[in-house]
Amino acid sequence: MDSKLDLVNHLLQVVGERRVLSLETGHPSVVQAVQALESYNKDFQGLGWWFNKNRNVTLVPNNRGEIYVPPEALGFSIVQGKLQYEQSAEKLRYARRGGRVYDTWQNTYNIGHSLVADLIILLDVEDLPQVAASYLKHSAAQNYYVDDDGDNSKADRLAERTMLAWHSLKAAQLKAEATNALDSPEAQRLRYRIGQMGAASNPMYPGGRYR
C-alpha cells in the first residue's frame, strides 16, 4: 500500500529531486511536494467515490439550533430534511458556510432540527484503496511535472500512465455502483418477488400476488 511518503517521493523523482526518508525535513522541495499532493488529493477525493462517501449521516443541531459539518467533509448533500419526503428544491435550500449548515430560504444558521446527509470525506492516503492511490500517484505526478515546466515527451508518458490508472479506477467505481444497486432495498424486494415459486403479481389481491 502506498503511503503519503511514497507519493511525495514519486513527485520529487519525476522532477529530478532526491528521495527523502521523512516528510518532516523542512526542505523547500519537500514542503512544496507535500502541499501539491494535498491539493491534488482534495481535488480528486472531492469528486466523491464509493470509498469516501458516508451515506445517510444524521447531523444533529446544538443548543443554538446550529449544525456543524464535520471538518473532514469535502462536500455534503441533504438526503432528508425536516420531513421524510420532500421535493428536491427543499433539500437544496441548505448550504455549507463557515463549517455550518445555512438555510438559504430563511437566511439563518438556526436550523432547529436534524438533517440526514451524504458526506464526501477526505481520507488519508494510507486509507485509500490501492486502485485509488495508484491513480492519485500518477495523476499527481503528471500535474506536478507539467507545473514544473517539464518537457513534452516525458509529460506524454506520464499522461499514459495516468490514463491507464484512470480506467482501472473507473472500472472499480462501476463495480461498486453495481454492487450497491443490487443491495438496494428496491432490488432486494424485486429478487424476493421473482423468487416466489409460482407466484404472479395481482394488484387487486392483498399482498399484491396470487398463486
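Tutor: Leu59 is found in strand 1, which covers residues 53–59; helices (H or I, at least four residues) and strands (E, at least two) are DSSP runs, numbered from the N terminus. This is a predicted model, in which local features need pLDDT of at least 70 and side-chain atom pairs count only at pLDDT 80 or more, while totals for chains, interfaces and linings use all residues. Residues are numbered from 1 along each chain as its sequence is written, and side-chain values use heavy atoms, with hydrogens and water left out.

Is Leu59 buried or exposed? Leu59 counts as buried because its relative accessibility is 5%, where buried means under 20% relative accessible area, exposed over 50%, and partly exposed in between (1.4 Å probe, protein chains only). Leaving aside residues up to four places away in sequence, Leu59 touches Ile67, Pro70, Ser114, Leu115 and Ala117, a contact being heavy atoms within 4.5 Å. Although Leu59 and Val116 are 57 residues apart along the chain, their C-alpha atoms are separated by 6.1 Å.

The pairing of the strands gives these contacts a setting. Strand 1 and strand 5 (residues 115–121) pair in the antiparallel sense over five bridges, and two strands pair if DSSP finds at least two bridges between them. In this pairing, Leu59 stands opposite Leu115 in strand 5. Strands of a sheet pair through backbone hydrogen bonds, either parallel or antiparallel. Three strands form an open sheet here, in the order 1-5-2, with antiparallel pairing. Strand 1 and strand 2 (73–80) stand at the edges, each with a single partner strand, so one side of each has no neighbour in the sheet. On average, and with direction ignored, neighbouring strands of this sheet are turned by 30° against each other; such angles run from 0 to 180 degrees between N-to-C directions, and the axes are lines fitted to C-alpha atoms, for helices over the stretch in contact.

Strand 1 also holds Asn56, which has a positive phi of about 55° although it is not a glycine. Most residues other than glycine have a negative phi, and most peptide bonds are trans. Asn56 is exposed, with a relative accessible area of 52%, whereas Leu59 in its 5% counts as buried. A positive phi of about 55° is also found at Asn107, again not a glycine, and Asn107 lies in the loop between strand 4 and strand 5. Asn107 is exposed, with a relative accessible area of 54%.

Strand 3 (residues 94–97) and strand 4 (residues 100–103) pair in the antiparallel sense over four bridges, and the bridge partner of Tyr94 in strand 4 is Asp103. This hairpin has two residues between the strands, and Gly98 takes a positive phi near 60° there.

Moving on to the helices, helix 1 (residues 4–14) and helix 2 (residues 28–45) pack at an angle of about 115°, with their axes 9 Å apart. They are therefore roughly perpendicular to each other, since angles under 35 degrees count as roughly parallel, over 145 as roughly antiparallel, 65 to 115 as roughly perpendicular and the rest as oblique. In this contact, Lys4, Leu7, Val8, Leu11 and Leu12 of helix 1 meet Ser29, Val30, Ala33, Val34, Leu37 and Glu38 of helix 2. These residues divide into eight nonpolar, one polar and two charged, with Ala, Val, Leu, Ile, Met, Phe, Trp, Tyr, Cys and Pro counted as nonpolar, Asp, Glu, Lys and Arg as charged, and the others, Gly among them, as polar.

Helix 2 also packs against helix 4 (residues 130–147), at an angle of about 125° and with the axes 10 Å apart, and these two helices are therefore oblique to each other. By class, the contact of helix 2 with helix 4 has ten nonpolar, four polar and one charged residues.

Finally, the whole chain places this part in context. Its secondary structure comes to six helices and seven strands, and buried residues make up 35% of its 211 residues. Among contacts in the chain with a separation of 6 or more, 64% are between residues 24 or more positions apart.
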